[in-house]
Amino acid sequence: MIIDPKELRLMALDLGKIGYVPIFGEMNDQLEEIVIECILKLRSDNKKNATLLINSGGGFIISFAAMKTAMLESGVTYKGFVMGQACSAAFNLLQQCDERLAVRDARLMFHWGWQRIGNQE
């Protein structure tokens, strides 16, 4: 990540005041904590709508699951806006949004189907 996590947290909380939640960089424990803090702040401020600003190549599915749960439990209506890329777990987060937008040359990538280990195929 180019931006320091402490700086990202401060920026995210400032953006949250006007209804934006940044999903920048790898979806990991640090980003998960920042995003959930922003979502909880939206909820405590009684915000009805928010926009996820997404530029992420994905990351850990556990982090995605925690962010998704926070979104669903918040009662906030989400719009997803892809500023660069939404790949893998970041694309899954975009799917949770009620409205989805992307810049013209955004990169979107999802995993299709299930993978199985073994010789059953």
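This is a predicted model: local features need pLDDT of at least 70, side-chain atom pairs count only at pLDDT 80 or more; totals for chains, interfaces and linings use all residues.
Visitor: How enclosed is strand E2, and why?

Guide: Count its buried residues. Six of the eight residues in strand E2 (residues 49-56) are buried, so the rest of the structure largely encloses this strand.

Visitor: In which sense does E2 pair with strand E1?

Guide: Look at the bridges. E1 (residues 20-24) and E2 are joined by five bridges in the parallel sense. Tyrosine 20 lies opposite threonine 51 of E2. To get from E1 to E2 the chain passes through helix H2 (residues 29-44), and this β-α-β crossover is right-handed.

Visitor: How many bridges link E2 and strand E3?

Guide: Seven, with E2 and E3 (residues 77-87) again in the parallel sense.

Visitor: What should I know about nonpolar side chains in general?

Guide: In soluble globular proteins they tend to be buried together. Now the case here. The largest nonpolar core holds 28 residues, and Ile23, Met27, Leu52, Tyr78 and Leu93 have the most contacts inside it. Helices H1 (5-17), H2, H3 and H4 (89-95) and strands E1, E2 and E3 each give at least two residues to this core. H2 provides the largest share, six residues.

Visitor: Which residues does leucine 52 contact, leaving aside its neighbours within four places in sequence?

Guide: Select leucine 52 and list its partners. They are Val21, Ile23, Met71, Tyr78, Lys79, Gly80, Phe81, Leu93 and Cys97.

How values were computed: Residues are numbered from 1 along each chain as its sequence is written. Side-chain values use heavy atoms; hydrogens and water are left out. Buried means under 20% relative accessible area, exposed over 50%, partly exposed in between (1.4 Å probe, protein chains only). Helices (H or I, at least four residues) and strands (E, at least two) are DSSP runs, numbered from the N terminus. Two strands pair if DSSP finds at least two bridges between them. A crossover is right-handed if, with the strands pointing away from the viewer, the path from the first strand over the helix to the second runs clockwise. A nonpolar core is a set of buried Ala, Val, Leu, Ile, Met, Phe, Trp, Tyr and Cys residues joined through side-chain atoms within 4.5 Å. Contact means heavy atoms within 4.5 Å.
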